[in-house]
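I opened this model to look up its surface, its core and a few separate positions. My entries follow in the order in which I made them.

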Amino acid sequence: MSMLQEFKAFAVKGNVVDLAVAVIIGAAFGKIVESLVQDVIMPIVGKIFGGLDFSNYYLPLNNQSMQLPLAEAKKAGAVLAYGNFLTILINFIILAFIIFMMVRMVNKARTLTLRKEASTPAEEAPPSEDVLLLREIRDALKQPGTLR
């Protein structure tokens, strides 16, 4: 089997396709959460902590002025951009919580499905021909007037 055929067989397997779909949806969902954090949550947090854009919070490590925007301060030297880090940390916490809730719902659905399957009685297989013949003989012997 050539390497190209091997790769094609690998790429069209169900798990690989499912993984690719999950990565694409995850990336799009990540952008939604990032927008939620940067456009909704962080402005509120920034307002509470002084009214500035929270992503511009930093500690200068090269004697830069604290009045400079983050981009200007980075040009002047090293900075500890803790505001950016906190924004990304909040993104992660929200994503992790949402993924946790999704996994929890899937596990509950699986548990309910398994319980339903366990609670429904399995259909009994029809009796074999030998058993049917023996039952006929037994019933015939039970009838009055038959020889024993």
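**Surface patch**

I began with the surface of this predicted model, where L36, V40, I44, I48 and F49 make a nonpolar patch of about 510 Å². For such a patch I took residues with over 30% relative accessible area and no salt bridge, joining nonpolar side chains (Val, Leu, Ile, Met, Phe, Trp, Tyr) within 5 Å and like charges within 9 Å; the areas come from the Shrake-Rupley method with a 1.4 Å probe, and for residues only the protein chains shown count as cover.

I then looked up I48, which is found in helix 2 (residues 14-48); helices here are DSSP runs of H or I with at least four residues, numbered from the N terminus. I48 counts as exposed because its relative accessibility is 63%, where exposed means over 50%, buried under 20% and partly exposed in between.

**Conventions**

I number residues from 1 along each chain as its sequence is written, and side-chain values use heavy atoms, with hydrogens and water left out. As the model is predicted, local features need pLDDT of at least 70 and side-chain atom pairs count only at pLDDT 80 or more, whereas totals for chains, interfaces and linings use all residues.

I noted that the protein chain has a mean pLDDT of 82 (the predictor's confidence in each residue, from 0 to 100), with 94% of its residues at 70 or more. Confidence is lowest in helix 1 (residues 3-11), at a mean of 81, and highest in helix 5 (residues 129-142), at 89.

**Salt bridge**

I counted one salt bridge, using the rule of a side-chain nitrogen of Lys or Arg within 4 Å of a carboxyl oxygen of Asp or Glu. The side chains that meet in it are those of D139 and R138, at 3.3 Å from N to O. D139 counts as partly exposed because its relative accessibility is 37%, and R138 counts as partly exposed at 41%.

**Cores**

Which residues make up the largest nonpolar core? I found six residues in all, namely V33, V37, M42, F54, Y57 and I94, and three of them, the largest share, come from helix 2. A core here is a set of buried Ala, Val, Leu, Ile, Met, Phe, Trp, Tyr and Cys residues joined through side-chain atoms within 4.5 Å. A second, separate core has five residues, among them Y58, L70, A73 and V79.

For V33 I set aside the neighbours within four places in sequence, and found contact (heavy atoms within 4.5 Å) with N91, I94, L95 and I98.

**Separate positions**

V16 lies in helix 2 and is partly exposed because its relative accessible area is 25%. Not counting residues up to four places away in sequence, V16 touches F10 and A11, while its C-alpha atom is separated by 20 Å from that of S2, 14 residues apart along the chain.

L4, in helix 1, counts as exposed at 68% relative accessibility; L4 and G26 are 22 residues apart in sequence and 29 Å apart in space, C-alpha to C-alpha.

Finally I looked up N107 in helix 4 (residues 82-119), which is partly exposed with a relative accessible area of 38%. N107 and I41 are 66 residues apart in sequence, and their C-alpha to C-alpha distance is 30 Å.

Note on methods:
Helix = DSSP H or I, 4+ residues; strand = E, 2+ residues; numbered from the N terminus. Buried < 20%, exposed > 50% of the residue type's maximum accessible area, 1.4 Å probe, protein only.
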